[in-house]
Amino acid sequence: MDLSSYVVAIWPYLGTYLGFGLAFVLIARLMREKRRPSATVAWLLVIWFVPPLGVPLYLIFGGRKISRLTRNKSPLNIALPNETGTISSSAFGVISKGNRTEMQPTGVHAFISLIREIRAAKESIEITTFILSHDAIGRNVVKELSRKAQAGVEVRLLLDAVGSFGMKTLYMLELAKAGGRIERFMPVLPFLSLGRANLRNHRKLAIFDRKRVIIGGRNIGKEYMGPIQSPKRWRDLSLLIEGPAVMQLSAIFEADWAFACRRKGEVQRPVKSVPEFQGSEPSTIEIMVSGPDTRGDPLYEKILSIIQEAEKSVTIVTPYFIPDEVLQRSLMVKARSGKSVRLLIPRRSNHPITDLARNDFLRELSEAGVEILLFNDGMMHGKVVLVDEDIAMTGSANIDLRSLFVNYELGAFFYSQKEIGEITSWVDELCQSTEPFTDTDENKQPLLKSIAEDLSRLIAPLL
C-alpha cells in the first residue's frame, strides 16, 4: 500500500483521534483554571462527549482570564491620589468623597444629557460602549461627535468588537474623517488569540473634558435612549458624576484605550486631578471594576459581601439572573433568617435561553422566602443592588455568571442618602409594573419545558 492509499484508509479515524486528543489537552488545561465547579463541569461534559462541538466552542469562547492577553493589558490601578486627600482605597475598589451626581431615570433624560454634554465639551470626549446601534439614535450621537471633532475637540470612541460588530459604516467613517478616533476592543477577526471572543468589554463610560462622566447600564441605541418617550424603550438607569470619582473612571478608560491601541505603540495617558464638588449634599462613591484585568473578582466579592452583611433588607434588580452557588445560597439564607430579600427581573428578557435557565434558581429562592417580582411592562435592563437603605450599587454588571466572572465590568457603590434615595425611588417605580413570580411547582411544568429548563441550566455557566 502506497502512502496516499494509507492516508485515505486512516483518514476517517484521524479526525476522531485528533478530536479526542485535543479534547484531552483542553480538559487538562480546564482543570488547571480557577473556575467555578458548575462552569468546569459544563465545559467538561461538552468537550468530552461532543468534541466536534465542544472543542471549537471552548477555543473561541472558553477564555476567562487568559494569561497572554492579561499580560498585555496592565492591571488596573485606579487608586489615584488627589490634592485634598479625599480618595482612599477599600478592600475592593476606591472610595472618593466630594462628588455630585445627576440621575438619568429615563431614556429621554439619558439622551438629553448625553447630547448636552457632547455639545458642551471644549477639550475632549471619551466614550466606551458595548453596543453602538446602527439606528437613528446611534447615527445622531456619532454626528454630534463628528461636529465636535471637526471643531477641534479630541474625540475617542472605544467600541467592543463583538457588541458593536460590523459598525464600520459611512457615518462612522464621517467621524474618522472629522478627526475623531474609533478603536475596537479585542477584535475577534482574525482569531489572533484563542478564547478572546469570550472576553468582552461591557463597561459604559462617557467622559467630557475629563471633569464629568456618565456611567450606568445603557448602551447607545433606540432601545436605551431617545429624545421622546417610547413604549418600546427598555427601562434602564444611568447617571452623571462630577468630582474626584471622575479620576478613577478616566483611569479605567485610559487603560482600556491603551490596550486597544497597543499595536499602534500608544501608552496609557496620565490622569489629571479633579477637584471636589463644592455644592450641597456631596456624594461618597466607591468605583469598582472587574474582569481579566483585575486580580480576583472584586465586583462579585463586594456584592456578595454586602448581601451577607445585610441586617434588614436586600433588593436586586437585574435583567438576567444566573447566580453562582454561593450567591444563590447567600440570598436563601438571608430570606430564611427573616430578612427582606427582593429580586426584580423582567418577565421576558431579550435572551430566552437565559430566562429558561433562571427558573430553577427562582423556584429555590421563592421556596426560601425571597420575594420575586416580574416586570411586565416591556424589557427591564437596569442593574441595582440595595442593602439596608445604606448602600446602593449600579453600573454595567448584571447578576449573571458572564458579568460577574468573565466580562470587563464597572460598578459604582453609593453611600450618601441622596443617591440611595433616588435609586430606591427608581426601583419603587419599577415595582408598580410588576407581578409576583408564581411558577413555583416544578412538577407541574410541561415535559418539553422541563427538559428545556434542565438543558438551559446545564449550559448556564457557559452563557
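I begin with a definition: axes are lines fitted to C-alpha atoms, for helices over the stretch in contact, and angles run from 0 to 180 degrees between N-to-C directions. Helices (H or I, at least four residues) and strands (E, at least two) are DSSP runs, numbered from the N terminus.

What you see is a predicted model, in which local features need pLDDT of at least 70 and side-chain atom pairs count only at pLDDT 80 or more, while totals for chains, interfaces and linings use all residues. Residues are numbered from 1 along each chain as its sequence is written, and side-chain values use heavy atoms, with hydrogens and water left out.

The protein chain holds 14 helices and 18 strands. Of its 463 residues, 56% count as buried, that is, under 20% relative accessible area with a 1.4 Å probe, protein chains only. Taking contact as heavy atoms within 4.5 Å, residues 24 or more positions apart account for 80% of the contacts with a separation of 6 or more.

Let us turn to helix packing. Two packed helices are described by the angle between their axes and the distance between the axes. Helix α9 (residues 298-308) packs against helix α10 (residues 325-336) at an angle of about 15 degrees, and their axes are 10 Å apart. The two are therefore roughly parallel, a term for angles under 35 degrees. On the α9 side, Tyr-300, Leu-304, Ile-307 and Gln-308 meet Val-326, Leu-327, Ser-330, Leu-331 and Lys-334 of α10. These residues divide into 6 nonpolar, 2 polar and 1 charged; here Ala, Val, Leu, Ile, Met, Phe, Trp, Tyr, Cys and Pro count as nonpolar, Asp, Glu, Lys and Arg as charged, and the others, Gly among them, as polar.

Which helix does α10 also pack with, at an angle of about 20 degrees? The partner is helix α11 (residues 352-368), with the axes 8 Å apart. That makes α10 roughly parallel to α11. Gln-328, Leu-331, Met-332, Ala-335 and Arg-336 of α10 make the contact with Phe-361, Glu-364, Leu-365 and Ala-368 of α11. This contact comprises 6 nonpolar, 1 polar and 2 charged residues.

Finally, one residue elsewhere in the chain. Glu-144 lies in helix α6 (residues 136-150). Is Glu-144 buried or exposed? Glu-144 is buried, because its relative accessible area is 5%. Leaving aside residues up to four places away in sequence, Glu-144 touches Ile-115, Ile-118 and Arg-119.

Technical notes
Angles under 35 degrees count as roughly parallel, over 145 as roughly antiparallel, 65 to 115 as roughly perpendicular and the rest as oblique. Buried means under 20% relative accessible area, exposed over 50%, partly exposed in between (1.4 Å probe, protein chains only).
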